[in-house]
Amino acid sequence: MEQVAVISDIHGNVTALEAVIKDIKSRNIRRVFCLGDFVGKGPNPAMALDMACGFCEDGVMGNWDAQVALIDPGIPIPEKLQHHIDWHRSRLGPERLENLARLRFSIDFLLSGRKVRLLHASPQGLFYRVFHNDPTEKHLEMFLNTNHTANDFVPDVVGYADIHYCFRKEYGNKLLFNAGSIGNPLDIPTPSYAILEGHYNSPVDGPFSVELVRVPYDIEKEVTNAKASSMPDAEPYILELRTARYRGLNSINAQNR
C-alpha cells in the first residue's frame, strides 16, 4: 500500500511548512498533493510557493491563488483586500504568478477502489464555502459534479481545504474530509494535514484509511518573520497564529480566509 499526504492553505508561512515537510519526510511519504492557497496572508509567499511546488507532485488552485494571479472570481474584490493582493504580487514576480494561474481546479484518482477527488473549496467554485458544521445536505453537495469538475468521475471520497478547520465525516459509503491548514489553522493553533493510505490508482477494493495529523511548530519564529516583513495587517495575522481565531473573532464561519 501507499501513503498519500494532502496539505493545504500554506499562506506564505514557511516556518509551518518546513515543520510539516519534515514530518512527511520522516514517514517516507513520497506522493504529496496541495489543495491550494499557497500564498496570501503570510510574509513569505515566494519562498512558500517555491518550497511547496518543489515538494508536491501536484496542486490545485485556492481562492487566494486565484485572486493574486488576477483570475476573475466573478465577485468584486474589497479595496482593503486589493492592497494585500498587490503586496503579494509584488513579491512573487511574473513567473510565479503564471504558475499560480495554471493550477488546476481538482485532482481525481483511485485509491483501493475508491474514487477520490481533491479540491480547494467546493465543486461549486473557489468562493463557495462549506463549513464543518453545515447541514448534511450541503456536505453531500461536495460529491456532485459541476462545470468545474470531470462529469465522468463521481467521487466516493472528497478532500478539501479553504476553511482552515480539519475534520472528517462519513455519509453511508461517502467520506468527506478537510485537511485543515498548514500556515493559518483556525481550529487550534497547530498545523494539520491528511494522510490517505491504500493502493494508488487501483480500481480493486482494498484497505483504505484517512488520518488527520497535527504537527507543532515554532509559532514565535513565524511571528518574528511577520514583524520583520512589510506585510499588510501583520498584527491580525499574528493574532490568528497565536490564538487560531479569525482576526480575533470567536466565529469560525468567517468569510475572508
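At roughly what angle do the axes of helix 6 and helix 7 cross?

## The helix 6 and helix 7 pair

In this predicted model, the axes of helix 6 (residues 219-228) and helix 7 (residues 234-243) come within 10 Å and cross at roughly 175 degrees. Because angles over 145 degrees count as roughly antiparallel, helix 6 is roughly antiparallel to helix 7. Helix 6 contributes Ile219, Glu220, Glu222, Val223, Ala226 and Lys227 to the contact, while helix 7 contributes Ala234, Glu235, Tyr237, Ile238, Leu241 and Arg242. Sorted by class, the residues in this contact are 7 nonpolar and 5 charged, with no polar ones.

## The sheet and its pairing

An open sheet of 5 strands is arranged in the order 3-2-1-9-10, and its pairing is mixed. Strand 3 (58-59) and strand 10 (209-214) are the edge strands, each pairing on one side only.

Strand 1 and strand 2 are parallel, paired over 4 bridges, with isoleucine 7 opposite cysteine 34 of strand 2. Strand 2 also runs parallel to strand 3, to which 2 bridges join it, and here cysteine 34 stands opposite glycine 59. Strand 9 (residues 192-198), by contrast, pairs with strand 10 in the antiparallel sense over 6 bridges, and isoleucine 195 has glutamate 211 of strand 10 as its bridge partner.

Strand 2 takes part in a right-handed β-α-β unit with strand 1 and helix 1, and in another right-handed β-α-β unit with helix 2 (residues 45-55) and strand 3. Helix 1 (residues 14-26) lies across strands 1, 2, 9 and 10, running at about 175 degrees to strand 1.

Note on methods. Residues are numbered from 1 along each chain as its sequence is written. This is a predicted model: local features need pLDDT of at least 70, side-chain atom pairs count only at pLDDT 80 or more; totals for chains, interfaces and linings use all residues. Side-chain values use heavy atoms; hydrogens and water are left out. Two strands pair if DSSP finds at least two bridges between them. Contact means heavy atoms within 4.5 Å. Axes are lines fitted to C-alpha atoms, for helices over the stretch in contact, and angles run from 0 to 180 degrees between N-to-C directions. Angles under 35 degrees count as roughly parallel, over 145 as roughly antiparallel, 65 to 115 as roughly perpendicular and the rest as oblique. Ala, Val, Leu, Ile, Met, Phe, Trp, Tyr, Cys and Pro count as nonpolar, Asp, Glu, Lys and Arg as charged, and the others, Gly among them, as polar. A crossover is right-handed if, with the strands pointing away from the viewer, the path from the first strand over the helix to the second runs clockwise.
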